[in-house]
Structure formats: C-alpha cells, structure tokens
Amino acid sequence: MREQLSKLESQLENLFEGSLAKLIGEEISAGTLASQLARTMEDGLRRDEAGNAYAPNEFALTLHPDDAKRMVDQAPDIQATLSESLAQAAQRCGYSLTQQPSITLASDPTLAPREIRVISWHSSNPLEFTKAMERQPQEQGVLLPKGAFLILGDGRHYALDQPVINVGRRIDNQIVLEDAHVSRTHAQLRVRDGRFVIFDLGSTGGTQVNGRKVKQHILRPGDVITISELRLVYGEDDGGPPDTATAYTPPFPPRPAGDQETETDGWDNEEGR
C-alpha cells in the first residue's frame, strides 16, 4: 500500500508542479497539496468483490482564509484544474471513478497559514454502480418503455426495442457513432424498472444529458444526450419514432449487447478508446 500511495503522490505532484504551481505561488507547496490529496484518496478507496478499487469523487480542501482567497484570486479555475489532475492520477494508478472528481474550497481561521486540510467521500455507492452494470440483459420479465426511440443528430431514428443497447465507435455496437472523439464502447442504454437508464462506460470524453456530465441518468422524453459533438434525443411514443425520421441501420450487424466486452469500471485511456 505504501508503494501505491507513493506512486499516487508522485503522479499528483508532477501534475501540480507545472502550471498549477505557478498559479498558486510558493505560499502553498505543490508537494504538500499532492500528499494530502493522495492520502485522503487512498484512505477512501472502496473495493468490489473482484478487487477493483474505486476512489472517492468528492473532495473538500480547507485552507487559512488568506490562503484560500489568494488561491481563488490567482487561480480562479483551480477547482477544475484539481479535478482533472485527480482524475488523471487515479487513472494512472489503476483506480476507478464513478464520477468526475468534485472539489469544494473552504476556509477555516483556526488553520495556520499554509496549512491544508483535505477530506474526501463518495457521492454514491460505487459498489451499487457496478452491480447495476453487471445485471444480465436476459433477465426475465424486463419491461421495455413503450415506443422508446432515439433521434440521431442526422435525423435518423433508432427504435429502443432491446433491454441493453451499446453506443460507441466500434462497429459491433448497436448504435455506431463515427467520430474520433467517441470511445469504442462509449455508453450503454439499459432498462431498469421499466425505464431506460444511460450509463457512461468510463469514456474519455464523457457523456452529457441536457448539458450536464453524467455517469448514469434515468432518461425521460425530450432528454438530449451529447457524446463528443453528437446529439441524440430520447423520446417515447406509443406510435414509435416519427415518420419524418429515417430508420437507423448500423454499418455492420451488431453482436448481442450482453456478449460485448465493455469497460465499466474506470476512465478510458487513449489505448483503450
């Protein structure tokens, strides 16, 4: 464990020593910040039955009021920068994240200047997330939403008449999106309790619904799914997709969704996209 902690600290410190160190100045040591974040991430790891490690995705960074003000003044985008650094470091150490890390900055006058306090937690149970992804599409009694469909950005429609539908760049997905910024198996639509839920499968670029980045989201008619620069509109109508939309046909006969290997437990890297 000590070796893994040292690796995580090193990854974060390397990320912080560049532009971040220049932004926050010498008042706050990049090494100290990296060490605090690494330790709280390591302490907050949760493992599933397969041994996969899930890192916390919520972090609260507390500083002396003067240090907190200076940090925000000098680096107004500090939270986004820290979030991206934590995601990169977690990925390189083999940790999974159910959501992009969120950073909250706070001040505490009882802290000494340059002192840092970091706590972390999981916004949702990562073990429940993996269980949802492990459910078999052949479950008996699956109730499909009536007349569910997607309208693709080019005007074509796809009837959602299967309990599991994979979306991505690879040609054996049910819906193939030909875009270099789309991961090979980017997202998955899965029926749960009679509703379609979209899951981001650890893609590089992420999945948005109505402009908000999500890891999973219960779809409702009118929801706009954004993958890379491509938009897909979710709808439900007893009569099926509108007649004005041309039916979507994948470029290659897709394999059953349950037979495909999908990465559901981490952020994609370039090799795995």
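In the predicted model, helices H3 (residues 30–43) and H5 (residues 78–92) pack at an angle of about 60 degrees, their axes 12 Å apart. Axes are lines fitted to C-alpha atoms, for helices over the stretch in contact, and angles run from 0 to 180 degrees between N-to-C directions. Helices (H or I, at least four residues) and strands (E, at least two) are DSSP runs, numbered from the N terminus. H3 and H5 are therefore oblique to each other; angles under 35 degrees count as roughly parallel, over 145 as roughly antiparallel, 65 to 115 as roughly perpendicular and the rest as oblique. Leu33, Leu37 and Met41 of H3 meet Leu82, Leu86 and Ala90 of H5, contact being heavy atoms within 4.5 Å.

Leucine 37 also touches Leu12, Phe16, Phe59 and Val118, among others, not counting residues up to four places away in sequence.

Two residues other than glycine have positive phi values. Arginine 114, in the loop between strands E4 (102–107) and E5, has phi near 75 degrees. At 56% relative accessibility, arginine 114 is exposed. Asparagine 210 lies between strands E12 (207–209) and E13 (212–214), in the loop. Its phi is about 55 degrees. Asparagine 210 is partly exposed, at 47% relative accessible area. Buried means under 20%, exposed over 50%, and partly exposed in between (1.4 Å probe, protein chains only).

Residues are numbered from 1 along each chain as its sequence is written. In this predicted model, local features need pLDDT of at least 70, side-chain atom pairs count only at pLDDT 80 or more, and totals for chains, interfaces and linings use all residues, while side-chain values use heavy atoms, with hydrogens and water left out.
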